[in-house]
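Student: Could we go through this model together? I would like to begin with the packing around one residue.
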Amino acid sequence: MLKKLIKYDIKSILKFLSIFYILVLTFSILSRIFLNIENSLLFNIIGQIFNGASIAMMINIIINNLMRLWVLFKQNFYGDESYLTHTLPIEKKTLYLSKIITSVLTNFLSIIVIAISLLILYYSSDLLNIIKTTILPLLEVNNLSLTGIIIFLIVLIFLELANILQVGYTGIILGHRKNQNKVLYSIIFSFVIYTIMQLILLLIMFIFALINKDFMNIFITNEIVNIDIFKTLVILSISFYSIVLICIGCINIKLFNKGVNVE
Amino acid sequence: MGEIFFDNNIPIYIQLVDYFKIYIISGKMKPGERISSVRELAIYFKVNPNTMQKALTELENLKLIYTERTNGKFVTKDEKLIKKLKDDYAKTLIEKFYNEMTALSLNKKEIINYINEIGDDE
Amino acid sequence: MELLKCINIDKSYDDKKILKNINLTIPRGKIIGILGKNGSGKTTLIKLMNDLLTPTNGEILVNGKKVGVESKKVISYLPERSYLNKNLTVLETIKYFEDFYENFDTKKANKLLKDLKLDINQKISKMSKGMQEKVALVLVMSRKAELYILDEPLGGVDPATRDYILDTILTNFDKDASVIITTHIIQDVERILDEVIFINEGKIILTSDSDELRNKEKGSIDEIFRRMFKC
């Protein structure tokens, strides 16, 4: 059942996103083509315009992906379609998991598409050289690998996105337990929970800093942080986000199991 | 078979019983003729199968139909019974009619004249 | 065992009581009408049976078990609003039902849709409201369920469609299943009802066999209802 649910959820998200995917890739390719034509101011301008359009489209994809997922969640679980969703012979847990997995997969796909169009826009031998001559030696000195950094960063961005998304779901669930102004309450709850989440992260770091002197420098100085502290910071954030993601997921399923009250 | 225009004021099964009764005593349904299944009849008359079942049970109590264990339901072969019911029914109708006509201060002869006039028209 | 049983059901929003101490048993093999004015609590009761609302007090048992995945397998529910995904075509919606309901009969659905001359390749959003209602009814009636719950199936349809809907209900009715129909337009439906339940201001006022009620009160169900609630 979960598989089938995910199939339908992904379909309805990608129905819209796929258009943006095609647009961003087309814009990137066009930008690249026009910018490669030499000695023409006009083509250069057109190329720049497409370049801008691609960047705008990338931001659009991230935002739209989140928005679509929230809208789908609300429509499926609390809108007219909820009459169908909640009368399917499927556990609430499974319904919820389908939404989470759909979020993970579509966000992942969006990130990949964005990465590809960035490559189309900016990949060149010069860029490779810069990386080879300046960044790589710097990393080597500090005993880091480029792929490692990229993976960690992607994981971090990804977890952050997933958390924003799931906090939105919590907001929608809590907001719809109210009898009035459900949408307004959903938004307020999401913001409050997100803020609390970030404050807790800050607090944890501060407590950590009280124990670790080097770490305290983040809070009290403007010096460029050294690599070890940066590493700790990233690992700390990743663990925190993962724990929060699982905890809120469990809370959401608990809330959901208590039963919905559909308008 | 025709259509029944149900009157919501009277229990539906009673209307079905009356309808079948007239159908049988008028000879539109022959003695020994097989009756369709409850389901088919219910769909035909657009009534609830349970109501149809109730009507057939009532008809069976009146001995107008009988059940053969494997073959289904049939109109009674007891022509005497049919004849008697027909007489009874005709008598009830005519009594009702006669009472209404006498209420108009018409005597029997005048009433018969009216009846003959109707006959002439046809 | 009873098909469905409501035990001491209360439902309130904030301080407002919508349903008060509802006790109800739905047997097998009957067509049952839940009759009440708009806002009497009919739809709330139906939504509780379908797990769309949770009762404030009391519980609802289907085949002896609390409403949940098992009850949803055997209840086929037609809400009073359009609830299908409008971005899908009729064909895709059929596939959806086939995917999620083991007891969905695709052949039957296709046959009924053909009878109605509906184009299965059309998007639901492109259909008129009446057509959408017909599609929903066909889907609901094409499941081999134990209990069909139809919430206001005749609301705002033309007489021809009304007849078709009643016909479809009768044709598909079988002795092991039951049908619950809610309505405030009693006249059109009363002919096919075995039992009636009158509901007013969140309370059950009367439960009776419909022919017995006609006999006892000398009149149509519609009339008796109007007399009782003066409408």
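Student: Which residues is C:Leu147 in contact with, leaving aside neighbours within four places in sequence?
Tutor: C:Leu147 is in contact with C:Leu3, C:Leu4, C:Ile26, C:Val74, C:Ile75, C:Ala177, C:Ser178 and C:Ile180. Contact requires C-beta atoms, placed from the backbone, to lie within 7 Å. This is a predicted model, in which local features need pLDDT of at least 70 and side-chain atom pairs pLDDT 80 or more, while totals for chains, interfaces and linings use all residues. Residues are numbered from 1 along each chain as written, with chains lettered from A and ligands numbered from 1 in written order.

Student: Which residues have the most contacts inside the largest nonpolar core?
Tutor: They are B:Leu16, C:Leu147, C:Ile149, C:Val179 and C:Ile180, in a core of 104 residues. Such a core joins buried Ala, Val, Leu, Ile, Met, Phe, Trp, Tyr and Cys residues through C-beta atoms within 7 Å; buried means 20 or more other C-beta atoms within 10 Å of a residue's own, all placed from the backbone. A second, separate core of nine residues includes A:Phe27 and A:Phe50.

Student: How much of chain C is buried?
Tutor: Buried residues form 44% of its 231 residues.

Student: Changing topic, which chains have the most contacts between them?
Tutor: Of the two touching pairs, chains A and C have the most. Chains A and B do not touch, and their nearest C-alpha atoms are 28 Å apart.

Definitions and conventions. A residue is buried if 20 or more other C-beta atoms lie within 10 Å of its own, exposed if 12 or fewer, and partly exposed in between; C-beta atoms are placed from the backbone.
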